[in-house]
Amino acid sequence: MRKSTTSQPKVRKAGRRSPMASVALIMIGLFATGGVYALFTASASANTTAATSQLTTEGSKLFAANCATCHGLNLQGTKQGPSLIGVGAASVDFQVSTGRMPLAASGPQAEEKPAQFTTQQIQALYTYVAAQAPGPGIPSKQYLGGNGNAAKGAELFRINCAMCHNVAGAGGALTEGKFAPQLTGVSAKHIYEAMATGPQNMPVFNDQNITPTQKADIITYLKYLDKNPSPGGIDLGNLGPVSEGLFLWIFGLGAIVGVTIWLTAKAN
Amino acid sequence: MTSTQSASTSAAGRGGEVAKRRSATAIAANYIDERTSISGLVKELGRKIFPDHWSFMLGEVALYSFVVILLTGTFLTFFFQASMAPVTYSGPFVPLKGVEMSAAMDSALKISFEVRGGLLIRQIHHWAALLFIASIGLHMLRIFFTGAFRKPRELNWTIGFLLFILALAEGFTGYSLPDDLLSGNGLRIIDGMVKGIPFVGTWISYLIFGGEFPGEQIVGRLYTLHILLLPAILVAMIALHLVFVVVHKHTQYAGAGKTNQNVIGYPVLPVYAAKAGGFFFIVFGVIALIASFFTINPIWNYGPYDPSPVSAGTQPDWYIGFADGALRLIPPGLESVIWGHTYSWNILIPIVVLGLFISTVALYPLVEGWVTGDKREHHILDRPRNAPTRTAIGAAGVTFYAALWAAASSDLIATHFQLSIEAVIHAIQAAAILGPFIAYFIAKRVCLALQKKDREIALHGFESGRIVRLPGGEYIEVHQPVDEYERWRLVSFNEYKPLMIRPNAKGKITGTQRVRARMSRWFFEDRIAPVTRSELERQSHDHH
């Protein structure tokens with residue numbers, strides 16, 4: 001019984017195919033998929049490389065024409081401008097798309113102005129700079145949605161940012177004519193990039209210092225301030241007691257003195 | 001038919017009653033008077049005359065703002081928790097949800113966002129406080145520049161000065177109560193100033209804060225001062241201040257029929273009672289209007305106090321600005337270590353300078369009284385130009401104060417006018433030291449020039465702009481003589497001359513006499529004499 005059952009499949013199997021067939025089949029299948037995959041990915045990477053290299057070439061031309069005078073043809077920097085080796089795509093994107101670079105005039109610090117390049121040109125520039133040496137990249141969209149924790153962000157903002165930018169992001173003075181700019185209306189991407197790269201006189205808050213999630217929280221807080229006007233009415237620039245005092249003396253006391261003059265005016 | 005009948009009968013009935021008995025008002029008045037003898041007071045106060053001038057109403061503005069502060073402050077005490085016990089915020093303001101803060105801050109936020117009308121009342125309270133002190137300041141300037149502090153009102157000037165200081169204290173304690181980042185930073189500066197006092201500073205700081213700053217006591221302590229002690233003293237002083245105004249009678253400007261012995265104006269009842277009552281509501285209305293439309297002290301932006309962060313643009317409310325400015329103007333690093341003790345001159349010098357400035361303000365009436373040696377009573381106000389040295393001293397003081405005040409906003413001046421903060425500080429340092437001298441000389445010369453012009457107009461009239469050719473061919477411009485009322489205003493003021501140094505009874509010239517003579521020369525050496533009657537008469541004879 002046992003013997004017959006064991007012998008029967010063996011006979012049948014031997015009759016149908018060689019023992020190596022399945023192995024061969026698997027091998028063929030693997031090679032086929034592997035080959036096709038290799039073929040596919042090879043062509044894809046060739047495409048992106050081509051695109052990147054095209055951007056890099058365009059970027060290098062733009063860089064040579066607009067930036068190299070101060071930053072050097074090899075990004076090595078000159079007496080007029082710092083080296084850009086390792087500043088990363090984020091830094092270039094921030095400086096160029098907020099119009100701070102190219103510099104309009106040398107002064108205490110680069111000031112914001114309308115961007116001088118198109119989005120594509122800016123992309124070419126930062127791709128070129130990032131291709132020379134690694135550095136902080138363009139922030140991922142997941143941190144820019146303004147859907148983090150506003151309370152945590154506000155606390156981080158007060159501790160890390162408010163001493164220069166003011167608690168409500170109204171900006172503030174630094175030494176020698178430098179200043180921390182107002183943060184209302186600044187795009188989430190630029191806020192993130194500024195934190196990651198520390199433009200002008202700002203310190204760098206890298207990912208060990210303030211994690212990307214915490215950066216997203218800070219952005220959430222600033223966007224909350226942008227979206228929600230002051231519950232108390234017109235905010236007088238959020239500048240604190242100075243604008244309140246000025247307002248009171250000019251408009252408050254001014255109105256009251258006007259009334260006193262009216263009350264004591266002689267009837268004509 | 002029935003209704004008219006009943007009406008007519010009731011009318012007839014009432015007509016008959018009037019003859020028999022007095023009206024309900026009269027009965028009530030009589031009831032009160034028989035038990036309080038108040039009619040004497042009403043008679044006295046009701047017919048009290050007050051002169052009319054807009055600048056006489058500035059003190060009233062201060063009083064009415066204070067009433068507004070008392071009303072709104074009472075409302076706020078119903079909800080405020082003066083405790084520094086830590087709680088976790090769970091109210092509706094999203095950017096503070098789950099943040100740990102003191103119960104004081106939590107309740108201040110509750111007042112702002114959860115109590116119905118709480119934010120409006122808080123804003124009225126704060127705006128009214130700013131107006132209160134601003135109107136006191138303007139009122140003091142009016143008193144100073146018109147010489148209303150002269151005998152017999154020197155004491156009332158001192159009371160008014162104390163009211164000003166009390167108002168500053170009220171303001172600062174109130175500013176510190178919400179325990180937000182801004183108020184905590186303000187307290188930290190006070191703590192620093194206290195600690196800067198040699199030997200005792202640290203001890204006093206520990207005493208005030210009940211341990212190391214910030215401790216857990218300060219809000220409760222400031223609250224007691226803010227709502228109990230200081231308001232009680234304030235109310236008592238205000239009452240005294242007003243009693244003195246009634247006792248001394250109000251001052252008035254020189255004018256037709258106005259003398260040192262009378263007061264020309266309107267009686268309290270009915271004119272001033274109505275005007276003042278209406279004015280209270282106008283002041284309240286202006287404050288309420290500002291408070292409804294303009295944010296003040298957004299504590300929700302500042303967040304709870306934490307000793308580590310300091311926001312850019314951290315300033316005290318305007319009235320403490322001059323002290324903050326003094327700290328910003330003093331050059332940094334002025335410290336010396338003597339026998340193991342650090343002397344922070346960068347704190348001590350501002351404290352001493354501010355102390356001297358404040359004392360000068362308090363004591364000025366005594367100084368001027370001593371220099372002039374004038375023991376007469378003065379109820380007619382000076383026009384500022386007719387007291388050139390006093391006006392110039394006032395201008396110097398205002399300039400010094402303004403420089404210190406501006407320095408408190410040095411960072412905002414730098415950002416908003418695109419300047420470097422160092423340049424702003426240096427410019428204001430120069431303004432604080434040189435500005436008073438420049439202001440003194442300009443003000444004095446302007447006063448003397450205006451007096452000269454007044455003299456010219458009183459004697460020769462004003463230029464009419466009409467050119468007339470005389471029969472002989474001569475062209476003259478016709479001068480129009482001023483009318484008598486105007487001339488009275490122009491010529492009636494006191495003339496002081498420098499005191500002569502006189503030996504005392506023992507025939508000796510004392511050092512005090514010398515100082516006094518020198519001061520007197522400083523005050524009155526340059527002067528324009530008022531036009532005399534004989535000059536006027538001579539002029540009217542040979543006038544064209």
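Author: Happy to! Let's begin with a pair of residues: Ser336(B) stands opposite Tyr343(B), which belongs to S7(B). Keep in mind that this is a predicted model.

Reader: Okay, how do S6 and S7 of chain B run, and how many bridges join them?

Author: They run antiparallel, and four bridges join them. S6(B) covers residues 335-338, and S7(B) covers residues 341-344.

Reader: And what do S6(B) and S7(B) form?

Author: A hairpin, with two residues between the strands. In the turn, look for Trp339(B), whose phi is positive, about 50 degrees.

Reader: Nice. Zooming out, how many helices and strands does chain B have?

Author: Chain B has 20 helices and ten strands. Its C-alpha atoms fill a box of roughly 100 × 95 × 60 Å along the principal axes.

Reader: What share of chain B is buried?

Author: Buried residues make up 35% of its 544 residues. As for contacts in chain B with a separation of 6 or more, 73% of them are between residues 24 or more positions apart.

Reader: Let's look at helices. At what angle do H6(B) and H7(B) cross?

Author: Roughly 160 degrees, and their axes come within 10 Å. Angles over 145 degrees count as roughly antiparallel, so that is what H6(B) is to H7(B). The crossing is left-handed.

Reader: Which residues make that contact?

Author: From H6(B), they include Phe132(B), Ile136(B) and Met140(B). From H7(B), they include Trp157(B), Leu163(B) and Phe164(B). The residues of this contact divide into eleven nonpolar, three polar and no charged.

Reader: Got it! How do the axes of H7(B) and H10(B) cross?

Author: They cross at roughly 155 degrees and come within 9 Å. That angle makes H7(B) roughly antiparallel to H10(B), and this crossing is left-handed.

Reader: What is in the contact of H7(B) with H10(B), by class?

Author: There are 15 nonpolar, eight polar and one charged residues. Glu170(B) of H7(B) is among the residues that make the contact, and H10(B) supplies, for example, His226(B), His241(B) and Phe244(B). Gly160(B), Leu163(B) and Gly174(B) of H7(B) are part of this contact and are also listed in the contact with H6(B).

Reader: Changing topic: is H4(A) mostly covered or mostly open?

Author: Mostly covered: ten of its ten residues, 88-97, are buried. Among them are Asp93(A), Phe94(A) and Gln95(A).

Reader: What do those buried residues pack against?

Author: They pack against H5 (119-132) and H8 (188-197) of chain A. Just after H4(A) comes Gly99(A), with a positive phi of about 80 degrees.

Reader: Last one: how many residues of chains A and B are in contact with each other?

Author: On chain B there are 58, and they are in contact with 50 residues of chain A. Several helices of chain B each supply at least two residues of that side, including H6 (118-145), H11 (268-293) and H17 (421-460). By class, chain B's side has 35 nonpolar, 17 polar and six charged residues.

Note on methods: Residues are numbered from 1 along each chain as its sequence is written. Chains are lettered from A and ligands numbered from 1 in the order in which they are written. This is a predicted model: local features need pLDDT of at least 70, side-chain atom pairs count only at pLDDT 80 or more; totals for chains, interfaces and linings use all residues. Two residues are in contact if their C-beta atoms, placed from the backbone, lie within 7 Å. Ala, Val, Leu, Ile, Met, Phe, Trp, Tyr, Cys and Pro count as nonpolar, Asp, Glu, Lys and Arg as charged, and the others, Gly among them, as polar. A residue is buried if 20 or more other C-beta atoms lie within 10 Å of its own, exposed if 12 or fewer, and partly exposed in between; C-beta atoms are placed from the backbone. Two strands pair if DSSP finds at least two bridges between them. Axes are lines fitted to C-alpha atoms, for helices over the stretch in contact, and angles run from 0 to 180 degrees between N-to-C directions. Angles under 35 degrees count as roughly parallel, over 145 as roughly antiparallel, 65 to 115 as roughly perpendicular and the rest as oblique. A crossing is left-handed if the near helix is turned anticlockwise from the far one by less than a right angle, and right-handed if clockwise.
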